[in-house]
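Please open the model in a viewer and keep the sequence at hand.

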Amino acid sequence: AQSVTQLDSQVSVSEGVPVLLRCNYSSSFSPSLFWYVQYPNQGLQLLLKYISGTALVKGINGFEAEFKKSETTFHLTKASAHVSDAAEYFCAVSDTVPETAGELNTNLLRC
């Protein structure tokens with residue numbers, strides 16, 4: 001079984017300051033981890049993903065996330081927020097065992 005928990009339901013940041021959206025996960029197997037973004041009036045878009053390999057994953061628009069197995073976290077960060085980053089951000093996990101379903105959770109970022 002697997003699950004994700006985003007610790008902040010709504011995050012407000014000012015233009016130019018760092019962004020941190022926290023995601024904790026639990027998984028019985030080696031997890032695949034994802035961040036999605038949904039901009040206002042748009043569909044869901046993949047921001048970045050961790051499958052295996054390098055723990056620090058770089059995504060679109062300057063976002064990155066680091067897979068920390070020992071802490072079971074996959075926090076999303078950006079060095080400098082922009083107004084255009086205001087959106088809903090979804091952390092998702094899926095076990096590598098194909099029969100098991102993943103779980104999705106969400107944060108709202110206001111800039």
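Rings of Phe, Tyr and Trp, the last represented by its six-membered ring, are taken to pair if their centres lie within 6.5 Å. By this criterion the structure, which is a predicted model, holds four aromatic pairs.

Begin by selecting Tyr 50 and Phe 67. Their rings form a stacked pair, with 4.2 Å from centre to centre and 20° between the planes. Tyr 50 belongs to strand E6 and Phe 67 to strand E8, so the pair ties together parts that are 17 residues apart in sequence. Buried or exposed, which term describes Tyr 50? Its relative accessible area is 9%, and Tyr 50 is therefore buried, the cut-off being under 20%. Phe 67 also counts as buried, at 11% relative accessibility.

Next, select Phe 63 and Tyr 89. The ring centres of Phe 63 and Tyr 89 are 5.4 Å apart and the planes meet at 45°, so this pair is tilted. Here, too, distant parts of the chain are linked: Phe 63 lies in the loop between strand E7 (56–58) and E8, Tyr 89 lies in strand E10, and 26 residues separate them. Phe 63 has a relative accessibility of 1% and counts as buried; for Tyr 89, likewise buried, the value is 0%.

Ring pairs link Tyr 25, Tyr 50 and Phe 67 into a cluster.

Now display strands E5 (residues 31–38) and E6 (residues 44–50). The two strands run antiparallel and are joined by six bridges. E5 and E6 form a hairpin with five residues between them, and in the turn Asn 41 has a positive phi of about 60°.

Finally, turn to the nonpolar interior. In soluble globular proteins, nonpolar side chains tend to be buried together. The largest nonpolar core in this model has 25 residues, and those with the most contacts inside it are Trp 35, Phe 74, Leu 76 and Tyr 89. At least two residues each are supplied by strands E3 (19–21), E4 (23–27), E5, E6, E8 (64–68), E9 (73–78) and E10 (87–95). Which strand gives the most to this core? It is E10, with four residues.

Leaving aside neighbours within four places in sequence, Phe 74 is in contact with residues including Leu 33, Trp 35, Tyr 50 and Phe 67.

Methods
Residues numbered from 1 in each chain as written. Predicted model: local features only at pLDDT ≥ 70, side-chain atom pairs only at ≥ 80, totals over all residues. Heavy atoms only, no water. Pairing = 2+ DSSP bridges. Core = buried A, V, L, I, M, F, W, Y, C linked by side-chain atoms within 4.5 Å. Buried < 20%, exposed > 50% of the residue type's maximum accessible area, 1.4 Å probe, protein only. Contact = heavy atoms within 4.5 Å. Phe/Tyr/Trp six-rings, centres within 6.5 Å; stacked < 30°, edge-to-face > 60°.
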